[in-house]
Amino acid sequence: MRFDELNPKRVFKYFEEICHIPHGSGDMKRIADYCEAFAMARGLKYHRDGANNIIIYKSASKGYENADPIILQGHLDMVCQKNDDITKDFLTEGIEPYIDGDFVRAKGTTLGADNGIAVSMILAILESNEYEHPAIEAVFTTDEETGMYGAASLDYSLLSAKRMINLDAEEDDTVTVSCAGGSNFNIKIPLTREKRTGDYVNVTLKGLIGGHSGVEIHKGRINSNVLAGRFLNELIQKSDASLVNISGGDKANAITRSTSLSFCVEDIDGFNAIATDILDSIKMAISDREPQLIMRLKPAVTVFLSR
Ligand SMILES: [Zn+2]
């Protein structure tokens, strides 16, 4: 089956075009140019802002002039990831979609159906005169995947609709009323630095199941940073080890799967015994939820720490 045989035809026509335009998060100019050219070619009023967000307006179809307007929304950016054996440069090369039975896939990379398919659907609706609809305010936001930065800088005074259909859900046959929320926290913990001599020990917590913090948070999966906190909390009561470093997780929307900590300790054997004890009890307490958890203690070279 060829791409142009897929239905709805116009949706997949736009989707294929979007695949050919590099549009990873942070690289929004070309895809915004594409949407702008779309609006201009069809004489649709639009507004593009400094963050490359685009709003395209379409008036109501006949008979719906007095109906409340509606926002249709999707995001222009995609997450660019590739298999190890793929040499694609996402800044210069598009995605290569292909049809595999009932699925559209990409050769060795992410496809960008999140959220290219929403953009394609909205463009197909905007260009069509077949559908009956109220006035449409089509909102295409940028850099959603990295922190909704486009949406955060959108000028809402450009919108008059009070209702919105967001087309960035996870399932194509489900309508969700309301949405998942998210919060970012910046926490500052006062710490005392000290000069110390001793052995350097790494503690790694890994092998947790992890998952998407938006869609899998209810599955009882454990965040390794929370475990690290539990470990530290017990450790400080039993040992005089000094924390040298702690790090875990690199994405705000992923349940953190691994955390590593390092310590400077005076009595390495004593530390190992205490730490192993605490780690064993943590492992036991969560073994039904996280059977694959691996906790590793690794002594490293003796180092001299200074301010
Ligand atoms: Zn999305």
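Is asparagine 52 buried or exposed? Select asparagine 52: this residue is buried, with 23 other C-beta atoms within 10 Å. A residue counts as buried if 20 or more other C-beta atoms lie within 10 Å of its own, as exposed if 12 or fewer, and as partly exposed in between, with C-beta atoms placed from the backbone. Before going further, note that this is a predicted model, in which local features need pLDDT of at least 70, side-chain atom pairs count only at pLDDT 80 or more, and totals for chains, interfaces and linings use all residues. Residues are numbered from 1 along each chain as its sequence is written.

**Stop 1**

Most residues other than glycine have a negative phi, and most peptide bonds are trans. Helices (H or I, at least four residues) and strands (E, at least two) are DSSP runs, numbered from the N terminus.

Next select methionine 148, in the loop between β6 and α4 (149–152). Phi is positive here too, near 55°. Methionine 148 is partly exposed, with 15 other C-beta atoms within 10 Å.

Then go to the peptide bond from asparagine 7 to proline 8, which is cis, with omega near 0°. Proline 8 lies in the segment before α1. Another cis peptide bond joins aspartate 114 and asparagine 115, with omega about 15°. Asparagine 115 belongs to helix α3.

**Stop 2: the five-stranded sheet**

Colour the strands of the open sheet, whose order is β1-β2-β6-β3-β7 with mixed pairing. Two strands pair if DSSP finds at least two bridges between them. At the edges stand β1 (46–48) and β7 (163–166), each with a single partner strand, so one side of each is left without a neighbour in the sheet. On average, neighbouring strands of this sheet are turned by 15° against each other, direction ignored.

Now select β3 (residues 70–75) and β6 (residues 136–141), which pair in the parallel sense over six bridges. Glycine 74 has phenylalanine 140 in β6 as its bridge partner.

Two residues are in contact if their C-beta atoms, placed from the backbone, lie within 7 Å.

**Stop 3: alanine 67**

Select alanine 67, in the loop between β2 and β3. With 13 C-beta neighbours inside 10 Å, alanine 67 counts as partly exposed. Leaving aside neighbours within four places in sequence, alanine 67 is in contact with Ala60 and Pro134.

**Stop 4: α1 against α3**

Show helix α1 (residues 9–19) with α3: they pack at an angle of about 130°, with their axes 8 Å apart. The two helices are therefore oblique to each other. Angles under 35 degrees count as roughly parallel, over 145 as roughly antiparallel, 65 to 115 as roughly perpendicular and the rest as oblique. Residues to display in this contact include Tyr14, Phe15 and Ile18 of α1 and Ile117, Met121 and Leu123 of α3.

**Stop 5: strand β12 and its partners**

Move to strand β12 (residues 259–265). Five of its seven residues are buried, so β12 is largely enclosed by the rest of the structure. Strand β8 (residues 196–206) runs antiparallel to β12, joined by seven bridges. Select asparagine 202 and its bridge partner in β12, serine 262. Strand β10 (residues 242–248) is also antiparallel to β12, through six bridges. Here leucine 243 stands opposite phenylalanine 263 of β12.

**Stop 6: α5 against α6**

Finish with helix α5 (residues 224–238) and helix α6 (residues 268–285), which pack at an angle of about 140°, with their axes 10 Å apart. They are therefore oblique to each other. The contact includes Leu227, Phe231 and Leu235 of α5 and Ile274, Ile278 and Ile282 of α6.

Technical notes:
Axes fitted to C-alpha atoms, helices over the stretch in contact; angles between N-to-C directions.
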